[in-house]
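Student: I am new to this structure and would like a guided tour. Please take me through it one question at a time.

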Amino acid sequence: MNNSITQYFRKEMFPHIWCPGCGIGIILGSMLRAIQSTGWEKDEVVMVSGIGCSSRITGYVDFNTMNTTHGRALPFATGIKMANPALKVITVMGDGDCAAIGGNHFIHSARRNIDITAIIINNMIYGMTGGQYSPLTPTGKLGSTAPYGNIDQSFDIAALAASAGASYVARGNVFDVNQITHFIKKALLKKGFSVVEIIADCPISFGRINQLRTPVQMLEWIKSITVAKRVWEGLPEEEKAGKIPTGEFLDIDIPEYTEKYQETCNRIQQGRREK
Amino acid sequence: MDKKNNLKVYQNEKTVITVNEDWCKSCGICIHFCPKKVLVSNEKGFPEAKNIDDCIHCMLCELRCPDFAINVEKKEKTVEHIVNQKGLED
């Protein structure tokens, strides 16, 4: 194959484990195209993941990779970044991994504004363990632990990250694949904590119980519930219910954590030398 | 196992479409969302580039393929092709 993103694969691991039509494969492709467009070497990229379907990504790519404990991708990534700030650290998390089990780590990484790119694959369900509802399952949708409909409100990851102090926040969906490649590229090049949430399809665990049995039906549904941010802002309140805005929510330049740490170290050492 | 065995190649003078049937899981995304309806499902459910002459190289099948199984390449134009296409022979 002359598809040039295959240079990043651990080819002996393919075909991959994800179900037919799973959005994680589409996101992996976008991510590799974005990394390729930055021109980074394989050895300077570190990819860290937690537990879940999405976290299998690190097994298929030929970067420095690490598959860590559930929800703790960001603490491990923070350690790697602090030890060697020259590395490009990317974390890949699922919706349950990021917003439920690792929710606390997520907001504190955003608060520190450490230079990590967090990619959140939001398939709205715990896919690997059999379809339990997650903090990002939309209200009213079914899950194996919510057979009469989910009564919880779902998190708005983009608003959460923006208010917690991140520098770049965007949301895309797997249907608009060129847009997510663009968002991931901007997030990778951003100095500071950057978050890209991607709404993905899960035809098996989410789709089967919600009458969206095929990958095609799921993608059509995702296409129907997502609207561009500027269109969403103009919609009347009653039409906003059940729709998810996509686009860039935040893009600011604020001081980055490892740089501030280095500055502090330099200042203290300077003071000691002068004594 | 020789992985090259199930690589299907479809081509005409402008386009080469390859389908790696070892990696394809027959999800049908490429077939349904092709804007020119180039691809059809074969008896095993794998995509087959039946109407390859309609392909406009938008690459959406390749970009949306979750299994990295389909690949579209635009053939570099040969001089003969450009001459024929633009009617420059006269």
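**Questions and answers**

Student: What kind of model are we looking at?
Tutor: Residues are numbered from 1 along each chain as its sequence is written, chains are lettered from A and ligands numbered from 1 in the order in which they are written, and side-chain values use heavy atoms, leaving out hydrogens and water. Local features need pLDDT of at least 70, side-chain atom pairs count only at pLDDT 80 or more, and totals for chains, interfaces and linings use all residues, for this is a predicted model.

Student: Is Lys37(B) buried, partly exposed or exposed?
Tutor: Lys37(B) is not a glycine, yet its phi is positive, about 55 degrees. Buried means under 20% relative accessible area and exposed over 50%, with partly exposed in between (1.4 Å probe, protein chains only). Because its relative accessibility is 47%, Lys37(B) counts as partly exposed.

Student: What is the phi of Met59(B)?
Tutor: Met59(B) belongs to the loop between β4 (47-49) and α2 of chain B. At 27% relative accessibility, Met59(B) is partly exposed. Although Met59(B) is not a glycine, its phi is positive, at about 70 degrees.

Student: In what order do the elements of chain B run?
Tutor: Chain B contains three helices and five strands. Read from the N terminus on, they follow the order β-β-α-β-β-α-β-α.

Student: How far apart are the C-alpha atoms of Phe68(B) and Asn20(B)?
Tutor: Phe68(B) is in the loop between α2 (60-64) and β5 (70-74) of chain B. With a relative accessible area of 4%, Phe68(B) is buried. Phe68(B) and Asn20(B) are 48 residues apart along the chain, and their C-alpha atoms are separated by 8.2 Å.

Student: Which residues does Cys27(B) contact, apart from its neighbours within four places in sequence?
Tutor: Look in the loop between β2 (15-20) and α1 of chain B for Cys27(B). Since its relative accessibility is 17%, Cys27(B) counts as buried. Contact means heavy atoms within 4.5 Å. Leaving those sequence neighbours aside, Cys27(B) touches Pro20(A), Gly21(A), Pro215(A), Val216(A) and Pro66(B).

Student: What area is buried between chain A and chain B?
Tutor: 26 residues of chain A are in contact with 20 residues of chain B. Buried area is the accessible area (1.4 Å probe) that two parts lose on being put together, summed over both. Carbon and sulfur atoms give 65% of the total, which is about 2200 Å².

Student: How many salt bridges are there between chain A and chain B?
Tutor: A salt bridge is a side-chain nitrogen of Lys or Arg within 4 Å of a carboxyl oxygen of Asp or Glu. Between chain A and chain B, the count is zero.

Key. Helices (H or I, at least four residues) and strands (E, at least two) are DSSP runs, numbered from the N terminus.
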